[in-house]
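Please walk through this model strand by strand, with the sequence and the coordinates side by side.

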Amino acid sequence: QVQLVESGGGLVQPGGSLRLSCVASGTTFSAYSIYSLNWFRQVPGKQRELVAEIISGNTPNYADAVKGRFTFSTDNAENKMSLEMNSMKSEDTAVYFCNVHTRLGNDFWGKGTLVTVSS
């Protein structure tokens, strides 16, 4: 069973930076069974939205809203994925979730970490 644990959320001022991490157990990121690694975010009352993805080990793809400001990286040796968030805006406020999607169509989620951008 894959387990994901996020960390790094908190309060940051507009224009500031924050780094989220997600450590996985029960699998390795290099496993063939993994199709994609993803970061999502969700604002209360709204649908969960994809922020960034890495499909089959390729270069990351980003949502237009975060392109140029967020950087998605992985450390396969530590089974850790990270999301570096810079030039943050109030609209980045959300609960952020890491996700692993397998080739069999299974999804594994972390519990989420709250990010608040406010002065």
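Strand 7 and strand 8 pair in the antiparallel sense over 6 bridges, where strands are DSSP runs of E with at least two residues, numbered from the N terminus, and two strands pair if DSSP finds at least two bridges between them. This is a predicted model, in which local features need pLDDT of at least 70 and side-chain atom pairs count only at pLDDT 80 or more, while totals for chains, interfaces and linings use all residues. Residues are numbered from 1 along each chain as its sequence is written, and side-chain values use heavy atoms, with hydrogens and water left out.

Within this pairing, Phe72 stands opposite Leu83 of strand 8. The two strands form a hairpin with 4 residues between them, and in its turn Asn79 has a positive phi of about 50 degrees. Strand 8 is also joined to strand 3, by 6 bridges in the antiparallel sense. There, Leu18 has Met85 of strand 8 as its bridge partner.

The next topic is the core. A nonpolar core is a set of buried Ala, Val, Leu, Ile, Met, Phe, Trp, Tyr and Cys residues joined through side-chain atoms within 4.5 Å; buried means under 20% relative accessible area, with a 1.4 Å probe and protein chains only. The largest such core has 28 residues, and Trp39, Met81, Leu83, Met85 and Tyr96 have the most contacts inside it. At least two residues of this core come from each of strand 3 (18-25), strand 4, strand 5 (49-55), strand 7 (70-75), strand 8 (80-85), strand 9 (94-102) and strand 11 (113-117). In soluble globular proteins, nonpolar side chains tend to be buried together.

Asn38 lies in strand 4, which spans residues 34-42, and counts as buried because its relative accessibility is 4%. Its side chain makes polar contacts (N or O atoms within 3.5 Å, one able to donate a hydrogen and the other to accept it; residues adjacent in sequence count only if both atoms are side-chain atoms). One, of 3.0 Å, joins the side chain of Asn38 to that of Ser36; another, of 2.7 Å, joins the side chains of Asn38 and Asn99. Beyond four places in sequence, the residues in contact with Asn38 (heavy atoms within 4.5 Å) include Leu50, Phe72, Met81 and Phe97.

Ser36 is found in strand 4 and is buried because its relative accessible area is 5%. Apart from neighbours within four places in sequence, Ser36 is in contact with Ile54, Ile55, Asn99, Val100 and His101. Ser36 and Ala94 are 58 residues apart in sequence, and their C-alpha atoms are 22 Å apart in space.

What is the relative accessibility of Asp92? Asp92, in the loop between strand 8 and strand 9, counts as buried because the value is 1%. The side chain of Asp92 makes a polar contact of 2.7 Å with the side chain of Arg69. Leaving aside neighbours within four places in sequence, Asp92 is in contact with Arg41, Arg69, Phe70, Val115 and Val117.

The largest pocket has a volume of about 200 Å³, the space filled by probe spheres set on the points, which are joined across faces, edges and corners. Its lining (residues with an atom within 4 Å of a point) has 15 residues, and the closest to its centre are Phe29, Ser30, Leu37, Ser56 and Gly57. Strand 4 gives the most to this lining, with 4 residues.

Notes:
Buried means under 20% relative accessible area, exposed over 50%, partly exposed in between (1.4 Å probe, protein chains only). On a 1 Å grid over the protein atoms alone, a cavity is a set of points where a 1.4 Å probe fits but cannot get out, and a pocket is an open set with protein on both sides within 12 Å along at least five of seven lines; lining residues have an atom within 4 Å of a point.
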